Amino acid sequence: AATEDGRKPSIWDDFSHTEGWTEGKATGDVACDHYHLFREDVELMAGLGLQAYRFSISWSRLIPDGDGEVNPAAVEYYSNLIDALLAKGITPWITLYHWDMPSALEQKFGGWLGPKEKVVSAFGNYARTCFSLFGARVKHWITLNEPWCSAVLGYLSGEHAPGRDKAPETEPYIAAHHMLVSHAEVVAIYRKEFAAAQRGTVGVTLNADWRQPWNAASDGDREAARQAMDFSLGWFAHPIWFGCYPQCMLDACGDRLPKFTPEEQELLRGSSDFFGLNSYSSNFSRKLCKPLDGKGYWWDIGVEWWHKDPRWEKTDMGWPVVPWGFRELILYIHRTYSPPGGIVITENGCAFESAASVKFDDRPGALQPQPRSAAKHLDAKAAAEVERSMRDIAEDVNRRRFLKAHLSAVHAARVQGADVRGYFAWSLLDNFEWGHGYTKRFGIVHVDYATQRRTVKASGKWFARVIEDRGFEAPLKDEQFAGGTF
């Protein structure tokens, strides 16, 4: 529904419609068509027993030009979605920015690279509009989703929108800096203008993989792991909890790292009521064996952060599965930042499809989403074939293993004192996975993109039982993931 009901493009619309930027020329124009099927999807959530649903508002749907007039059709849509969730006892958690800067602002002043005052003002006005319209019913707000990805993938490697890669020494740091100041402005707006009446919480979601020292007995490798964490998680978490960038970043980047004013430092310090965490994997880090050849963020880190245990299993994304690294990451956040509202796991999951699912997606047109209204009618034979396929596709054993192992890691971290207060699996539905298009499936519910049929996978049924039983049995030995633990 990317062009329906008054919505205008975002940078991701522009990016995905540019030849060669996404697998299979995929766009988010239709995707899982949640826009039209949200009532059915809410019924599905209720059937699974979900207690909360995290979704994002499209900035360019609500305010099509990024700043200025509000789109009444968008207000009606989001209001209906919120009401549908609340009617089923499902708590809405809203993310304000999930990588989709309105194209109008990108063209007008350069989006996150534009003048700080302009982008901060525009984001603040957008957030204020959301709080005003929906805050009486929504009590959990997230300002930014994974700003590291926006900065590094959007302004260094160019593999995400807006696809910039010409100034790796400066642009990622400028974009990130403006995101941080914008986050602080939005939190200040909420706390000053809305918190007393609405009594909600507002925070940020940061992504991180755990960096374990290659040799835990080596001072150099321990420092390398800490530096790798500071250059990824600390890049954003330090300003938000402490009001400043990590010292290793200041030392490595010098004048290339923008500076906060004293007023911005004051706004930033403590500007998150909780710590939203997205995490999927882990690596080993070690001190440099030889100088790195290059320039920009990856070289500024100054350590070898990328090492892996060859025994670790990998997901369809090529990411190592390291549940014990997830445990260590949670404990690190708890001990380093001590967020007053605890840690909320806002994303954790995997792309881990069965052979039957891969075969299903090999059909012509299988990964080209269509609205349900455009679905082709199947004869009895073809319908029976799809039904048989779905039974096999739904048996996503490895995703169930992944969720079980990582929820066990959460439990282990909590036993050691970590204040974890929530967990969202990524994701409810298979959907548009950015540059990968539709080739990677993360959902606990399968989406047949040709028909928009939803089928709950085995992982979804297991997750529903965990919610109902308020617990689960620890993974058996043959369910555990390979590789050395730490």
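The model is a predicted one, in which local features need pLDDT of at least 70 and side-chain atom pairs count only at pLDDT 80 or more, while totals for chains, interfaces and linings use all residues. Residues are numbered from 1 along each chain as its sequence is written, and side-chain values use heavy atoms, with hydrogens and water left out.

Helices (H or I, at least four residues) and strands (E, at least two) are DSSP runs, numbered from the N terminus, and two strands pair if DSSP finds at least two bridges between them. For angles, axes are lines fitted to C-alpha atoms, for helices over the stretch in contact, and the values run from 0 to 180 degrees between N-to-C directions.

At the β10 end of the sheet, you can trace how strand β9 (residues 343-347) runs parallel to β10, joined by three bridges. Here Ile343 is placed opposite Val420 of β10. Contact, both here and below, means heavy atoms within 4.5 Å.

Now for the other sheet. Three strands form an open sheet of mixed pairing, in the order β5-β7-β8. Its edges are β5 and β8 (304-307), each with a single partner strand, so one side of each lacks a neighbour in the sheet. Neighbouring strands of this sheet are turned by 45 degrees against each other on average, direction ignored.

Strand β7 (residues 282-286) pairs with β5 in the parallel sense over four bridges, whereas β7 and β8 run antiparallel and are joined by two bridges. Phe284 is a handy landmark: this β7 residue is the bridge partner of Gln212, and its bridge partner in β8 is His307.

What covers this sheet? Helix α10 (residues 219-242) lies across β5, β7 and β8, at about 170 degrees to β5. Helix α14 (residues 323-337) lies across β5 and β7, at about 100 degrees to β5. In a regular strand, side chains alternate between the two faces of the sheet. In strand β5 (residues 210-213), both faces are covered, with Trp210 and Gln212 buried on one side and Arg211 and Pro213 buried on the other. Of the 23 residues in α8, 17 are buried, so the helix is mostly covered. Leaving out residues up to four places away in sequence, His177 touches Tyr245, Pro258, Lys259, Phe260 and Glu264.

Next comes a pocket. The second largest pocket has a volume of about 910 Å³. Its lining takes in 34 residues, with Trp148, Cys149, Leu153, Met317 and Trp319 lying nearest the centre. Helix α7 (residues 147-155) gives the largest share of this lining, three residues. A pocket, on a 1 Å grid over the protein atoms alone, is an open set of points where a 1.4 Å probe fits, with protein on both sides within 12 Å along at least five of seven lines, and lining residues have an atom within 4 Å of a point. Grid points are joined across faces, edges and corners, and a volume is the space filled by probe spheres set on the points.

Finally, some backbone details. The peptide bond between Ala161 and Pro162 is cis, with omega about 5 degrees, and Pro162 sits in the loop between α7 and α8. Another cis peptide bond runs from Trp426 to Ser427, with omega near 5 degrees; Ser427 belongs to the loop between β10 and β11 (445-448). Trp99 is not a glycine, yet its phi is positive, near 80 degrees. Trp99 lies in the loop between β2 and α5 (103-109) and is buried, with a relative accessible area of 7%.

Notes: Buried < 20%, exposed > 50% of the residue type's maximum accessible area, 1.4 Å probe, protein only.
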